[in-house]
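Take a look at the fold below.

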Amino acid sequence: MFDHTLDLCRSLPAVITEQKWDNELRFYVGEKLFCMISLDPPHRVSFKCSQSQFHQLISRPGIVPAPHLARYHWVQLKQEDMLPTTELETFLQNAYEIIVSSLPPFEQEAIHKMKAHA
């Protein structure tokens, strides 16, 4: 599942990855972070979500407010298999879309063009 999660995040248009000192792989679109995955087991996955999703998700076992990012509606899965694969895919796609929609219009347009040609 770890490789699948990596592949999904990398497959989204205009995504840039960066490995930080804390051994997490971070996924950005338009220089804004939308997902982080720890490279060490258990592979924790943190991602941006809507306010309503945030409260629903943290009420589930194994899902907590993401350290340092919870006030921006980020959650952390204590290990990546806390959600079924299709549900995790939906939340990651959603995190990406939330960030894309917050970008300046010219960046959004460039990303939408990339999607159209993919």
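The crossing of helices α1 and α3 is right-handed (the near helix is turned clockwise from the far one by less than a right angle). This is a predicted model, in which local features need pLDDT of at least 70, side-chain atom pairs count only at pLDDT 80 or more, and totals for chains, interfaces and linings use all residues. Residues are numbered from 1 along each chain as its sequence is written, and side-chain values use heavy atoms, without hydrogens and water.

Helix α1 spans residues 2-11 and helix α3 residues 85-102. Their axes come within 11 Å and cross at roughly 30°. The two are therefore roughly parallel (angles under 35 degrees). From α1, the contact uses His-4, Thr-5, Leu-8 and Cys-9. From α3, it uses Thr-85, Leu-88, Glu-89 and Leu-92. Contact means heavy atoms within 4.5 Å.

Now the charges. The structure holds 4 salt bridges (a side-chain nitrogen of Lys or Arg within 4 Å of a carboxyl oxygen of Asp or Glu). One of them joins Arg-60 and Glu-87, with the closest N and O atoms 2.7 Å apart. Arg-60 sits in the loop between α2 (51-58) and β5 (63-65), and Glu-87 in helix α3, so the pair ties together parts 27 residues apart in sequence.

Another salt bridge links Arg-26 and Asp-22, at 2.7 Å from N to O. Arg-26 is buried, at 12% relative accessibility. Asp-22 is partly exposed, at 34%. Buried means under 20% relative accessible area, exposed over 50%, and partly exposed in between (1.4 Å probe, protein chains only).

Notes: Axes fitted to C-alpha atoms, helices over the stretch in contact; angles between N-to-C directions. Helix = DSSP H or I, 4+ residues; strand = E, 2+ residues; numbered from the N terminus. Parallel < 35°, antiparallel > 145°, perpendicular 65-115°, else oblique.
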